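This briefing covers the ligand site and the metal site of one model. Please look over the sequence and the structure first.

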Amino acid sequence: MVLLKSPEEIAIMRKPCRIVAEILEELAQAVRPGVTTDDLDRLAEQLTYRKGARPAFKGYKPGDVVYPRTLCVSVNEEIVHGIPSGRQLKVGDIVGLDFGVVYDGFYGDAARTVPVGRISESAERLLRITREALYCGIEQCRIGNRISDIARAVQEHAEDAGYSVVEEFAGHGIGRRLHEEPQVPNYFRRGMANPRLQEGMVLAIEPMVNEGTARVRILKDGWTAVTADGKLSAHFEHSVAITGNGPEILTELGARV
Ligand code: MF3
Ligand code: CO
């Protein structure tokens, strides 16, 4: 069942979403050569509690294995759900930061992929196209459109650039739970659930775009998803409310208070 949020509930959701945006910005600024992914996780957790929120991912257990940390950090060929470790970032890496909090009973969830120092032109292009694909999807978040309009816009932008979209993971509704209906895939095929977009839906849209194959492998830790061919992957995500005035990007820095 898709849970629609009232304007009052959306007003409450602005807070966790703004906290996510602010912390992601601080994390992005902390990314530099020599920093470990554990350092970023610790910073994320400190900032979360300092703002009076709680981590959304830590302790999350959709299947057999609990997610142990506050932040997901996915480097280079890692697509999503990278578990922080002692790994040091180095110049030329790209690093996906995926982060969520719960505050006042509601969740916020967003992600971005940032460069470590100077990166190759091809990596730069992958980041740009993936971010643009997210915004192509957001542009479709209008009453009366369908989930397929979001999915197709994301997929088309990525594939026109010569990339592939990951099919194993999807975006999702978000609200009093981190993952709500509907699923928001980044590709569309006949027969998939395809509800109409309604006022009061809040969707986390999160394209994962690969340089090479769309195929995914999960590491033995039970979480880290990597590209099957070892080529680069990027991930951007925003939590977006569907309103009578069009899409409202709740997790954008500078979003309305
Ligand atoms: N943004 C990701 C998602 O919505 C992050 C989930 S990490 C998890 O699926 F640990 F919470 F699963
Ligand atoms: Co998400």
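In which pocket does ligand 1 sit? In this predicted model, ligand 1 sits in the largest pocket.

**Shell around ligand 1**
- There are 13 residues around ligand 1, and those that come nearest are D98, D109, H172, H179 and E237.
- Sorted by class, this shell holds six nonpolar, three polar and four charged residues.

- The side chain of D109 has an N or O atom 3.0 Å from an oxygen atom of ligand 1.
- For H172, a polar side-chain atom lies 2.8 Å from an oxygen atom of ligand 1.

**Cobalt site**
- D109 (OD), H172 (NE2), E206 (OE) and E237 (OE) coordinate the cobalt ion (ligand 2) at 2.1 to 2.3 Å.
- The donor residues of the cobalt ion follow the sequence spacing D-x62-H-x33-E-x30-E.
- Ideal angles for six octahedral donors are 90 or 180 degrees.
- The cobalt ion has six donor atoms with angles of 67 to 169 degrees among them, and its site is irregular.

**Residues in both lists**
- D109, H172 and E237 are among the residues that come nearest to ligand 1, and D109, H172 and E237 are also among those that coordinate the cobalt ion.

Notes
Residues numbered from 1 in each chain as written. Chains lettered and ligands numbered in written order. Predicted model: local features only at pLDDT ≥ 70, side-chain atom pairs only at ≥ 80, totals over all residues. Heavy atoms only, no water. Near = heavy atom within 4 Å. Polar contact = N/O pair within 3.5 Å; in protein donor to acceptor, adjacent residues only side chain to side chain. 1 Å grid on protein atoms, 1.4 Å probe; cavity = no way out; pocket = protein on both sides within 12 Å on 5 of 7 lines; lining within 4 Å. Sits in = over half its atoms within 2 Å of the grid points. Nonpolar A, V, L, I, M, F, W, Y, C, P; charged D, E, K, R; others polar. Donors = N, O, S within 2.8 Å, 3.2 Å for Na, K, Ca; no water. Tetrahedral: all angles 85-135°; square planar, octahedral: opposite > 155°, others 65-115°.
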